[in-house]
Amino acid sequence: MSTITKDFRMTINGKLVSTEDKSPVINPADEEVIAQVPIATKADLDHAVTSANRAYRKWSMLSVNEREEKLVAFAEALHQHREELAKLFTLEMGRPLKLALVEIDGAVATCKALSKKRLPREIVEEKEDHYIERTYTPLGVAGLIIPWNFPVSIAIRKITSALIAGNTVVAKPSPFTPLTLLRIGEITKDIFLPGVLNVVTGENELGQWMTSHPDIHKISFTGSTATGKKVMQSASLHLKRVTLELGGNDAAIVMEDANPKEIVETIFWAAFRNTAQVCVATKRLYVHEKIYDEFLTELVRFSKTIKIGNGLNPENDLGPIQNKMQFEKVKELIQVTKQSGVKIVLGGEIEDKPGYFIPVTIVDNPPEDSRVVVDEAFGPVLPVLKYSSYEEVIERANHTNYGLGGSVWGKDLELAKSIAERLDTGTVWINEAQVLSPDAPFGGHKESGMGVESSLDGIKEYTNSKTIMIRKK
Ligand code: NAD
């Protein structure tokens with residue numbers, strides 16, 4: 001039993017705000033209700049949006065160095081509360097505590113790195129009689145909609161990018177994982193001017209109200225492709241700017257010259273980190289036929305060393321699936337896969353006990369059109385697939401509406417790079433996976449998204465381009 005006795009409140013206009021209606025937050029490791037959080041009404045959202053618009057006048061007039069100072073103080077406050085935040089994170093998200101700490105520390109580092117970046121003033125033309133320059137101006141209020149799989153790092157990346165560019169923020173965590181961000185709002189509320197950073201919670205309809213709100217000027221959304229399409233449709237009502245970071249079905253291609261023993265551990269984590277609830281998890285693993293059997297044996301051997309259980313127990317490497325809805329989806333996918341008759345070489349049996357636990361499940365060479373290959377599982381079920389030529393595997397890897405990430409593994413780096421160049425995805429890693437940098441743009445092709453996050457380009461997504469021309473004489 002892990003009930004948290006704290007009263008969680010939203011941060012609106014620099015004040016902590018409660019609501020009459022509350023919704024329960026469930027610990028996925030034992031299915032106990034751990035806390036109740038506010039369900040914002042439309043009036044609460046209006047209050048947050050009005051205060052964000054009011055604060056925008058002052059915040060956008062600060063110098064970028066002054067904004068950076070506040071963001072560094074914000075990052076320091078997260079750092080000071082890292083253990084408390086990580087524990088909350090584990091309780092609501094399920095991820096083991098040591099890895100929850102990695103997310104908090106990563107968010108602190110990202111915040112500091114992104115707030116150092118400076119939007120350029122670009123001189124486009126400078127002649128004796130004529131001058132053209134291009135600048136980037138903030139948009140106003142940014143509505144940030146966050147998923148449950150990386151509830152802190154995604155939130156902090158969006159908050160920092162929006163604020164450093166001069167916007168103010170209304171942020172909404174997922175109803176499944178609202179606690180850590182609510183607490184972040186609370187502990188940092190006196191750092192910014194009231195209204196600069198508002199955190200509101202509610203059900204999915206709160207997200208809909210944000211996307212159609214006339215006084216929110218930008219939506220940055222991370223979540224599923226299906227919801228991303230609804231967001232874009234709704235945001236079009238007021239021609240809001242949108243950045244969409246959506247689902248993926250990343251392929252990893254293991255080349256003929258790869259050494260299974262050397263890479264199997266890294267590939268395991270590429271597929272199963274965070275219990276495979278990662279947008280850029282390896283979700284289809286293509287292995288060259290010459291090394292397929294050896295690779296599969298090694299992968300199964302390593303997978304058997306991994307411990308799954310309650311994230312508060314330091315012995316566990318992987319936690320539960322974060323919520324019941326996702327748990328039921330993954331269970332159903334395993335059921336369908338079993339019924340289809342393909343061979344499951346590891347896992348596949350779900351114990352009848354409290355908590356949304358699914359064991360690491362590996363499927364041996366299922367048909368390319370089976371659901372376990374085509375769907376984004378978003379749970380620890382990995383199809384390993386055999387291929388015989390690079391032409392063939394590139395075509396198979398690209399045969400999806402998704403285009404988020406992918407990876408190539410092997411010794412011949414030139415060949416690996418030539419394969420990487422032909423994958424239709426926003427990021428391709430070679431001999432590594434899921435490495436993100438605040439200096440590298442991150443975003444999806446095709447139905448995996450629109451626009452990028454991180455880097456200066458990610459900050460530009462929170463701005464308008466503005467050109468000034470001067471006729472000097
Ligand atoms: P989701 O789409 O169900 O929800 C995401 C957020 O949108 C939540 O805050 C939710 O409350 C809100 N929401 C739901 N309906 C809405 C609506 N109609 N209008 C506005 N907001 C609405 O996604 P999820 O299940 O929380 O996250 C998992 C998905 O996110 C996976 O598909 C994963 O691949 C994707 N994801 C992508 C990235 C990326 O960077 N590309 C990163 C993490 C997760």
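**Notebook: contacts, sheets and helices in a predicted model**

I began with lysine 158: leaving aside its neighbours within four places in sequence, it is in contact (heavy atoms within 4.5 Å) with Leu144, Ile145, Ile146, Ser220, Phe221, Thr222, Glu453 and Tyr462. I noted that this is a predicted model, in which local features need pLDDT of at least 70, side-chain atom pairs count only at pLDDT 80 or more, and totals for chains, interfaces and linings use all residues. Residues are numbered from 1 along each chain as its sequence is written, and side-chain values use heavy atoms, with hydrogens and water left out.

**Entry 1**

Lysine 158 belongs to helix α5 (residues 153-164). Helices (H or I, at least four residues) and strands (E, at least two) are DSSP runs, numbered from the N terminus. I found lysine 158 buried, with a relative accessible area of 0%. Buried means under 20% relative accessible area, exposed over 50%, and partly exposed in between (1.4 Å probe, protein chains only).

Next I looked up serine 174, in the loop between β8 (168-172) and α6 (179-187). Its relative accessible area is 5%, so serine 174 is buried. With neighbours within four places in sequence set aside, serine 174 is in contact with Ile146, Pro147 and Trp148.

Is histidine 81 buried, exposed or partly exposed? Its relative accessibility is 24%, so histidine 81 counts as partly exposed. Histidine 81 sits in the loop between α2 (64-80) and α3 (82-93). Apart from neighbours within four places in sequence, histidine 81 is in contact with Arg183 and Ile187.

**Entry 1: strands**

I traced an open sheet of 3 strands in the order β5-β6-β20, with antiparallel pairing. Two strands pair if DSSP finds at least two bridges between them. The edge strands, β5 (122-126) and β20 (463-471), each pair on one side only. Strand β6 (residues 130-138) is joined to β20 by 9 bridges. In this pairing, proline 138 stands opposite threonine 463 of β20.

I then turned to β3 (residues 22-26) and β4 (residues 33-38), which run antiparallel and are joined by 5 bridges. Lysine 22 has proline 38 in β4 as its bridge partner. These strands form a hairpin with 6 residues between them, and glutamate 31 in the turn has a positive phi of about 65 degrees.

What span should the 13 residues of helix α9 have? At 1.5 Å a residue, helix α9 (residues 260-272) should span 18 Å, and its end C-alpha atoms are 17 Å apart, which agrees. The expected span is 1.5 Å times one less than the number of residues.

I also found a kink of about 25 degrees in α9, centred on threonine 266. The bend at a residue is the angle between axes fitted to the seven residues ending there and the seven starting there.

At the start of α9, a side-chain oxygen of asparagine 259 comes to within 3.1 Å of the backbone nitrogen of lysine 261. After α9 comes asparagine 274, with a positive phi near 55 degrees.

The buried residues of α9 include Ile263, Val264, Ile267 and Phe268. Among the elements that cover the buried residues of α9 are β12 (250-254), β13 (282-288) and α10 (292-303).

In helix α13 (residues 390-398), I recorded Tyr390, Val393, Ile394, Arg396, Ala397 and Asn398 as buried. The cover over the buried residues of α13 includes β12, β13, β16 and α14 (413-421).

Conventions:
Polar contact = N/O pair within 3.5 Å; in protein donor to acceptor, adjacent residues only side chain to side chain.
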